[in-house]
Amino acid sequence: MASWNSIQLEITYRVLGWMGFACWSVGGYPQVILNFRRKSVVGLSFDFVLLSLTKQSSYLIYNASLYFSSAVQKQYWEKYGYGQMIPVAVNDVAFSAHAVLLTAFVLLQIAIYERGTQKVSKIAIGIVVAVWSGAAVCVFVALPTHSWLWLINIFNSIQVCMTVVKYTPQAFLNFVRKSTDGYSLGSYLLDFSGGVTNYAQMTVLAIDQDSWVNFYGNMGKVLLSLISIFFDLVFMCQRFLLYPSKKAPISPPPPQIISKDKESLEPLLQSSSDHPLKHTV
């Protein structure tokens, strides 16, 4: 098992990891708070949330298996070399576990708050059913040969694909509505920060080990960071450039106030006309 060559880089790696955990974990709460304050989930794509739950669950299976299972770790070292470090940190496990719980809570909000005419599409339901059915088949394929590394890489691939798929409905919904109202700004700003810090964390590990094996050894995390950054930039463009929030215009005074003021002035005008000014010679 490999060890760190630089204490400074090890500290930087851990700090970046927990910064990414904080950004990605806290990033889910602005949407929860927004839903609670509005007592509505209108503007939030239900497909996005459902697909997110599938994605986060797959990522949790991958992270927890590679971090805790000695059998999976042995197969990883046999494939990539015993001099390589396991490319999953404890912050990765903590993030994915937290994300599953938080996403499930958002689904609960969707069930109890005002939804308008929105609903989960049949396409999203079909994708989720197909993904988990395929995953179940892969489990039975891996059982006879104990191909655990291959199996968790399948789940890692699932989370990458679902990352692309889950963002698309929200971007499309913003396009159709020509608005980002209902989708929290804080969510994708923090998501963007999390993507940057997690990519930086992988880079620090590669620099310390003088090897890029960890990049393709955990390509799922690398692609997750890059895809998140890309879509968050799309959401920022939609928010600030394409569909900026419009300020409510200042409304004129109510008509009844104006008419009342006119009525109060009429006696004065009438009295001045009844008593014309006398000119002295």
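In which loop does Lys-39 lie? Lys-39 lies in the loop between helix H2 (29–38) and H3, where helices (H or I, at least four residues) and strands (E, at least two) are DSSP runs, numbered from the N terminus. This is a predicted model, in which local features need pLDDT of at least 70 and side-chain atom pairs count only at pLDDT 80 or more, while totals for chains, interfaces and linings use all residues. Residues are numbered from 1 along each chain as its sequence is written, and side-chain values use heavy atoms, with hydrogens and water left out.

Most residues other than glycine have a negative phi. Lys-39, although it is not a glycine, has a positive phi of about 50°, and Asp-210, also not a glycine, has a positive phi of about 55°. The loop that holds Asp-210 runs between helix H8 (185–209) and helix H9 (213–217). The table sets out the accessibility of these and some other residues, where buried means under 20% relative accessible area, exposed over 50%, and partly exposed in between (1.4 Å probe, protein chains only).

| Residue | Relative accessible area | Class |
|---|---|---|
| Lys-39 | 41% | partly exposed |
| Ser-121 | 23% | partly exposed |
| Cys-138 | 17% | buried |
| Cys-161 | 48% | partly exposed |
| Asp-210 | 72% | exposed |

In soluble globular proteins, nonpolar side chains tend to be buried together. A nonpolar core is a set of buried Ala, Val, Leu, Ile, Met, Phe, Trp, Tyr and Cys residues joined through side-chain atoms within 4.5 Å. The largest one here has 19 residues, and Leu-44, Phe-48, Val-49, Tyr-167, Tyr-183 and Phe-235 have the most contacts inside it. At least two residues of this core come from each of helix H3 (46–68), helix H5 (90–112), helix H7 (148–177) and helix H10 (219–242), and H10 gives the largest share, four residues. If neighbours within four places in sequence are left aside, Leu-44 is in contact (heavy atoms within 4.5 Å) with residues including Val-49, Val-106, Leu-173 and Tyr-183. A second, separate core of 17 residues includes Tyr-62, Ile-86, Phe-95 and Ile-152.

Pockets are found on a 1 Å grid over the protein atoms alone: a pocket is an open set of points where a 1.4 Å probe fits, with protein on both sides within 12 Å along at least five of seven lines, and its lining residues have an atom within 4 Å of a point. The largest pocket has a volume of about 260 Å³, a volume being the space filled by probe spheres set on the points. Of the 14 residues that line this pocket, Tyr-67, Met-85, Ile-86, Val-88 and Ala-89 are the closest to its centre.

The second largest pocket holds about 170 Å³ of space, and its lining includes Ser-45, Lys-119, Ser-121, Pro-169 and Leu-173. H7 gives the most to this lining, with four residues. Ser-121 is placed in the loop between H5 and helix H6 (122–142). Although Ser-121 and Pro-169 are 48 residues apart along the chain, their C-alpha atoms are separated by 10.0 Å.
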